[in-house]
Amino acid sequence: MHTKNLCWFLALGLAVGTAGTVTAGNENRVGTAGAQELRIPVSARGVALGDGFMADASGVDALWYNPAGAARVDGTEAYFSHLTYLADTEKNYFAIVTNTGIGALGASIDVFDIGDIQETTEENPEGTGQIFSPTFTVIGVSYAKYMTDAVSIGATGRFISEDIIQTSAQGVSFDIGIQYQPGWEGLRLGFALKNFGPNMQFDGEDFGSTHQTGDDPNSLPRVLRTDNATFELPSLFEIGLAYSPSIEGDLSLDAFGTFTNHNFGGDEFNLGVEGGYQDMLALRLGYVASANEDYNFGLTFGAGFKIPMGGSSITVDYARRMVKDYFDDNDLIALKYAF
């Protein structure tokens with residue numbers, strides 16, 4: 001292990017960890033954070049591994065899990081994924097990352113689609129005949145680079161927009177990540193502080209209502225507005241590791257683990273294992289152990305297949321996340337093009 005690299009990693013990790021203590025929470029705060037679309041995963045490989053591979057996430061996959069891993073991209077990678085989530089909601093995600101020579105630059109956009117909802121009012125509890133479709137959109141820009149030959153850092157800035165009829169909220173969030181390869185064969189380490197930023201607040205015409213004041217029927221109506229509270233982002237701090245034992249031949253094995261501390265609930269342990277063949281076929285299994293008794297997800301699994309195409313490649317990944325109660329299991333399919 002190089003002393004210089006270790007000092008880099010410890011110093012940066014301490015900085016991220018210190019910032020992370022500001023966001024620490026407990027189970028009494030479950031459900032108090034907003035912008036929960038920031039927590040809904042976008043990577044089929046990540047979901048299949050129980051969201052535990054942040055210490056090893058690389059290239060375009062790293063933009064969501066740990067932006068430091070984007071520094072490991074060789075050329076350019078483009079990525080699209082589609083997730084079927086809870087209660088017939090969906091999430092679509094597109095990202096691209098490229099090596100610029102002075103670091104990796106990436107961009108992403110994900111749209112959480114709640115679907116069509118029938119409008120109801122106090123006067124029309126059975127419906128007004130109008131249909132509305134809430135739209136939650138997150139646009140991100142990322143940058144990552146190697147500080148030494150073994151330490152990479154990265155950051156992502158995101159613009160968040162939530163629109164529901166005539167009510168909306170906008171905000172920004174930031175991720176900071178570090179990855180370190182200490183020189184011990186097969187071991188990788190990582191830190192990440194995600195989704196931190198200023199509070200958001202909903203506003204719009206729907207917070208106002210028109211009322212007639214006084215006894216004079218000719219008096220002008222007044223518009224009264226409701227005060228609306230701000231809400232926090234679902235910030236979290238993660239420490240992860242990955243280990244790949246040396247195996248001769250065409251087979252490979254990787255194990256992953258991540259500890260996650262939230263500002264809105266109990267801690268989580270994300271675990272995953274991946275078996276590969278000739279860097280073309282991968283089988284994955286994962287699990288999330290949560291301190292929240294009401295945590296609704298369980299076992300995860302999936303597979304990936306890589307198709308070489310000369311100097312480029314196409315990778316197809318699939319993941320399923322088991323849901324414990326009430327809802328159908330989540331399915332995520334993704335396509336990555338590397339060139």
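Predicted model: local features only at pLDDT ≥ 70, side-chain atom pairs only at ≥ 80, totals over all residues.

Modeller: Let's start with a term: a polar contact is a pair of N or O atoms within 3.5 Å; within protein, one must be able to donate a hydrogen and the other to accept it, and residues adjacent in sequence count only if both atoms are side-chain atoms.

Residues are numbered from 1 along each chain as its sequence is written, and side-chain values use heavy atoms, with hydrogens and water left out.

Asn270 is the residue I'd like to zoom in on. You'll find Asn270 in strand E17 (strands, E, of at least two residues and helices, H or I, of at least four are DSSP runs, numbered from the N terminus). Is Asn270 buried or exposed? Asn270 counts as buried because its relative accessible area is 3%, and buried means under 20%, exposed over 50%, partly exposed in between (1.4 Å probe, protein chains only).

Now look at who else is around. Contact means heavy atoms within 4.5 Å. Setting aside neighbours within four places in sequence, Asn270 is in contact with Gly50, Asp51 and Gly52, with Phe256, Gly257, Thr258 and Thr260, and with Tyr287 and Val288.

Now try Gln179, which belongs to strand E8 (residues 167-180). Gln179 is buried, as its relative accessible area is 4%. Its side chain reaches a backbone oxygen too, that of Met54, at 3.0 Å.

Next, Ala303, which sits in strand E19. Ala303 has a relative accessible area of 28%, so it counts as partly exposed. Not counting residues up to four places away in sequence, Ala303 touches Ala282, Leu283 and Arg284, plus Val316, Asp317 and Tyr318. Ala303 and Glu274 are 29 residues apart along the chain, and their C-alpha atoms are separated by 9.0 Å.

For a helix, pick Trp64, found in H3. Trp64 is buried because its relative accessibility is 10%. Trp64 and Ser108 are 44 residues apart in sequence, yet their C-alpha atoms are 8.9 Å apart in space.

The largest one here holds 39 residues, and Leu63, Tyr65, Tyr85, Tyr93 and Val97 touch the most other members. Among the elements that give two or more residues to this core are helix H2 (44-48), helix H3 (62-65), strand E1 (76-84) and strand E2 (90-99). H3 supplies its largest share, 4 residues. Apart from this core lies another one, of 10 residues, with Ile160, Met200, Phe207 and Leu233 among them.

For contrast, visit two loop residues. Asp88 lies in the loop between E1 and E2, and Asp88 counts as exposed because its relative accessibility is 71%. Ile165 lies in the loop between strand E7 (151-164) and E8, and at 46% relative accessibility Ile165 counts as partly exposed. Phi is near 65° in Asp88, a positive value in a residue other than glycine. Phi of Ile165 is positive too, near 55°. Most residues other than glycine have a negative phi.

Finally, step back to the whole chain. How many helices and strands does the protein chain have? It has 3 helices and 21 strands. Of its 339 residues, 46% count as buried, Asn270 being one of the buried residues. Among contacts between residues at least 6 apart in sequence, 56% join residues at least 24 apart.

Definitions and conventions. Core = buried A, V, L, I, M, F, W, Y, C linked by side-chain atoms within 4.5 Å.
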